[in-house]
Amino acid sequence: MQVQNRIIKVTVINGNGAVLEEAAGQYLDILRENLEKMDYRLSGVSFVYPVNEKERDQGGKPIPFSETGSYSGVDIRI
């Protein structure tokens, strides 16, 4: 889950993403409405297949904030 400026994006990582996406579809409107009651906005929910360790190691490594320049704000990833 990512929250920035009261906007929420949810990513579900699961091997059965297609099944979960179909099952969750009926609840997304309820989630969106209840978040709006708390003054949040749901930008989206995505379902992705997990990446195994070998594929993850081949990807790019994250760049530390100290090397990317200045940063302002708060981002929360759970």
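1. Aspartate 39 is exposed, with a relative accessible area of 55%, whereas arginine 6 is partly exposed at 38% (buried is under 20% relative accessible area, exposed over 50%, partly exposed in between; 1.4 Å probe, protein chains only). The structure is a predicted model: local features need pLDDT of at least 70, side-chain atom pairs count only at pLDDT 80 or more, and totals for chains, interfaces and linings use all residues. Residues are numbered from 1 along each chain as its sequence is written, and side-chain values use heavy atoms, with hydrogens and water left out.

2. Arginine 6 and aspartate 39 form a salt bridge, their closest N and O atoms being 3.5 Å apart (a side-chain nitrogen of Lys or Arg within 4 Å of a carboxyl oxygen of Asp or Glu). Because arginine 6 lies in the loop between β1 (2-4) and β2 (7-13) and aspartate 39 in the loop between α2 (28-37) and β3 (41-48), the pair ties together parts that are 33 residues apart in sequence.

3. The count comes to 2 salt bridges. Aspartate 29 also pairs with arginine 32 (3.6 Å, N to O); both lie in helix α2, 3 residues apart, about one turn of the helix.

4. The protein chain follows the pattern β-β-α-α-β-α-α-β (DSSP runs numbered from the N terminus: helices H or I, at least four residues; strands E, at least two).

5. Of the 78 residues of the protein chain, 12% count as buried. The largest nonpolar core comprises Val3, Ile8, Val10, Leu35 and Leu42 (buried Ala, Val, Leu, Ile, Met, Phe, Trp, Tyr and Cys residues joined through side-chain atoms within 4.5 Å).
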